[in-house]
Amino acid sequence: ASNVVAHAIGRWAPLLNFTEGATGSIRPTSFVIPQLAFPDQTTAAEILRQADRFHLSDWGVWDDKTFWYTERGGNSRHWRARVGPSQLTETGPSVERLANGVFVRFQDVDGSAQVVGPTGSGLANTSDDLVDDDTQNPANQLGINLWHTLDMGGVSTVAAATEVGRRYLLDVSQYDRSG
C-alpha cells in the first residue's frame, strides 16, 4: 500500500511533500495487496482509500503541506483535555464500539460473494484472528457474542479480509469510551 500511496500522491498531488522509508512521512507497509486496479477515472483520495483498506493506517496533510501515511497511532500526538475547563464528562463504554468478533464480506476474484468470520461462526472461512477473547472485554464477561460485519466493497482474498478484520478488532478495542 505504501508504494501505491507514494505513486498516487507523487503523480496526482504534486504540490504535497513526502518522504519514503522507515522514518519518512510515508512508512512502509508489509502486506502485499492481492488485486488493486483503477481502470476508470478516479481521484488520488479514492486510490488511497482503496489501498488503505488493507491496513487502516492514519493519513493526512499537515500545515507544511507534508503528506503523512503511518501505522495507526504511529505518528500520533497525545492530547490532554482538562475536565473542568472543557466541561467534559466521561460517560463510560460506548456500546456501538463494543465487539468480540467480526465478519468481513468481500468479492472473490471469480465474482462470488464471500464472508470470513470468527471461529465457531459456522462459516466455511473462519479464523481465530476474528475473535477477541480478552477477558476484560465486557461482551466476554457477559458471555455473549457481539459480532460486527464489515463490507470491504471490492475484490479480495480470505487472507486479506482476515487481516482487515483483525485490525478492525484491534481498533475497536482501543476506543470504547465517549465523553
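Predicted model: local features only at pLDDT ≥ 70, side-chain atom pairs only at ≥ 80, totals over all residues.
Q: Why is Asn 137 called buried?
A: Buried means under 20% relative accessible area, exposed means over 50%, and partly exposed lies in between (1.4 Å probe, protein chains only). Asn 137 has a relative accessible area of 6%, so the residue counts as buried.

Q: What does Asn 137 touch, not counting residues up to four places away in sequence?
A: Its partners are Leu 98, Ala 99, Asn 100 and Asp 132. Contact here means heavy atoms within 4.5 Å.

Q: What makes Gly 153 exposed?
A: With a relative accessible area of 61%, Gly 153 is over the 50% cut-off and therefore exposed. Gly 153 lies in strand 7 and touches Arg 53 and Arg 105, not counting residues up to four places away in sequence. The C-alpha atoms of Gly 153 and Phe 106 are separated by 6.1 Å, although these residues are 47 apart along the chain.

Q: How do you know that strand 4 and strand 7 pair?
A: Two strands pair if DSSP finds at least two bridges between them. Six bridges join strand 4 (residues 101-107) to strand 7, so the two qualify, and they run parallel. Arg 105 stands opposite Asp 151 in strand 7.

Q: In what order do the four strands of the open sheet stand, and which are its edge strands?
A: The order is 6-5-4-7, with mixed pairing. Strand 6 (125-127) and strand 7 (147-155) are the edge strands, as each pairs on one side only. From one strand to the next, the twist averages 20°. Helix 5 (residues 158-174) lies across strand 4, strand 5 (113-118), strand 6 and strand 7, and runs at about 145° to strand 4.

Q: Why is the pair of Phe 103 and Trp 147 called edge-to-face?
A: Rings of Phe, Tyr and Trp (its six-membered ring) pair if their centres lie within 6.5 Å; planes under 30 degrees apart count as stacked, over 60 as edge-to-face and the rest as tilted. Phe 103 and Trp 147 are 5.5 Å apart centre to centre with 70° between the planes, so they form an edge-to-face pair. Phe 103 lies in strand 4 and Trp 147 in strand 7, so the pair ties together parts that are 44 residues apart in sequence. The structure holds four aromatic pairs, this one included.

Q: Is Phe 103 buried or exposed?
A: Phe 103 is buried, at a relative accessible area of 18%. Trp 147 counts as partly exposed, at 25% relative accessibility.

Q: What makes helix 1 and helix 2 roughly antiparallel?
A: Two packed helices are described by the angle between their axes and the distance between the axes. Axes are lines fitted to C-alpha atoms, for helices over the stretch in contact, and angles run from 0 to 180 degrees between N-to-C directions. Angles under 35 degrees count as roughly parallel, over 145 as roughly antiparallel, 65 to 115 as roughly perpendicular and the rest as oblique. Helix 1 and helix 2 pack at about 175°, with their axes 9 Å apart, and are therefore roughly antiparallel.

Q: How do you know that the buried residues of helix 2 line one face?
A: The buried residues of helix 2 (residues 44-52) are Ala 44, Ile 47, Leu 48, Ala 51 and Asp 52. Seen down the helix 2 axis, they fall within an arc of 125°, so they line one face. The arc is that of the directions from the helix axis to the C-beta atoms. These buried residues pack against helix 1 (2-12), strand 1 (58-61) and strand 2 (67-70).

Q: How many bridges join strand 1 and strand 2?
A: Strand 1 and strand 2 pair over four bridges, in the antiparallel sense. Val 61 stands opposite Phe 67 in strand 2.

Methods
Residues numbered from 1 in each chain as written. Heavy atoms only, no water.
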